[in-house]
Amino acid sequence: MAQLSCPLCQAPLVLTQRTLRCANNHSFDQAKQGYWHLLPVQKKRSRAPGDNAQMVAARTRFLEKGHYLPFLRALCAKVSQQTQLRDAPKVLDMGCGEGYYTAAIAAALPSSAEVIGLDISKEAIKAASRRNRDICWIVASGADMPVPQHSQDILVVLFSRLMPDALAKVMSSGGTLLYAWPGEQHLIELRLAIYEEIKPSRFDPIKELADHFSVAKVEQHSFSFSLTNEDELDALLHMTPHGQRMKQEKRQQLLEQLPLTLTFDVNLGEFHPSSDDHANTD
């Protein structure tokens, strides 16, 4: 069982049968699907935060077709490389969604590794729980992760909003943050079909992380993949914000272009924590 902290008081949680309990008697029962719900109602910003069931199902359908497989393999190799000198590495996938990448990472690591998949979406974690029961799946906020301070050796954050303070709080000394974000050409063909104008992104994760992390390396992963039928196109549209903005006539135009070749263009950055964040660790 992964080391977890109470989301209400941050005290350690102890497992007894199917219940996690802290010294202050806050308790959390395990869901029948095997995950832990550690998102207190007072910390929710909506009734059902995160991706809904439709988006989760669409992402599952799309990813399991293997369109992003080259990136998945590169990511797993990177995590394996970063953990090979640790006997029992602790890996947390923040914003893990339906668990496609998390499950593959766990399969690439030795059985001694402790892997946590965390997402704010209950629907996503329910889907993730069906992939691998040995992974600790938790519904929680990435802004306030219920794990001990400076406990995680590897943090994986894929296409999610950056929260530098929260990431630094749980990162171990000498650990690694692997962060993926879209490149300028990612799904460019789809975006050109949807938007009248495409503006260059001003997002700079290296700058956003600079107060807590230094960049060691950024790798660009680019390749082409093809959508061959309507179901694959629909799955991609429903799993991205682009599809929600698409007019029906634009969708029809894309359908008429099938098979459709698209560009995958993603940056994978390797970051290491600043020593200042660990100088005063309790």
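**Exercise 1.** Which residues are buried in helix α10 (residues 248-256)?

*Solution.* The model is predicted, so local features require pLDDT of at least 70 and side-chain atom pairs count only at pLDDT 80 or more, whereas totals for chains, interfaces and linings use all residues. Residues are numbered from 1 along each chain as its sequence is written, and side-chain values use heavy atoms, with hydrogens and water left out.

Step 1. Helices (H or I, at least four residues) and strands (E, at least two) are DSSP runs, numbered from the N terminus. Buried means under 20% relative accessible area, exposed over 50%, and partly exposed in between (1.4 Å probe, protein chains only). By this criterion, Arg251, Leu254 and Leu255 are buried in α10.

Step 2. Viewed down the axis of α10, these buried residues fall within an arc of 105 degrees, so they line one face of the helix. The arc is that of the directions from the helix axis to the C-beta atoms.

Step 3. The face turned away from the buried side of α10 carries the exposed residues Glu249 and Glu256.

Step 4. With contact taken as heavy atoms within 4.5 Å, the cover over the buried residues of α10 includes α6 (188-194), α8 (230-239) and β11.

**Exercise 2.** Determine which residues of helix α2 (residues 69-83) are buried and what they pack against.

*Solution.* Step 1. The 15 residues of α2 reach 21 Å from the first C-alpha to the last, close to the expected 21 Å; the expected span is 1.5 Å times one less than the number of residues.

Step 1. Phe71, Leu72, Leu75, Cys76, Lys78, Val79 and Thr83 are buried in α2. They cover an arc of only 160 degrees around the axis, which puts them on the same side of α2.

Step 2. Their packing partners include α3 (100-108), β5 (90-94) and β8 (152-158).

**Exercise 3.** What is the strand order of the open sheet of 3 strands?

*Solution.* Step 1. Two strands pair if DSSP finds at least two bridges between them. The order is β1-β2-β3, with antiparallel pairing.

Step 1. β1 (14-16) and β3 (27-29) are the edge strands, each pairing on one side only.

Step 2. β1 and β2 (residues 19-21) pair over 3 bridges, and Val14 stands opposite Arg21 in β2.

**Exercise 4.** How many disulfides does a search of the whole structure find?

*Solution.* Step 1. A disulfide is a pair of cysteine sulfur atoms within 2.5 Å, and the search finds 0.

Step 1. For Cys76, the nearest cysteine sulfur, that of Cys96, is 14 Å away. Cys76 counts as buried because its relative accessibility is 12%.
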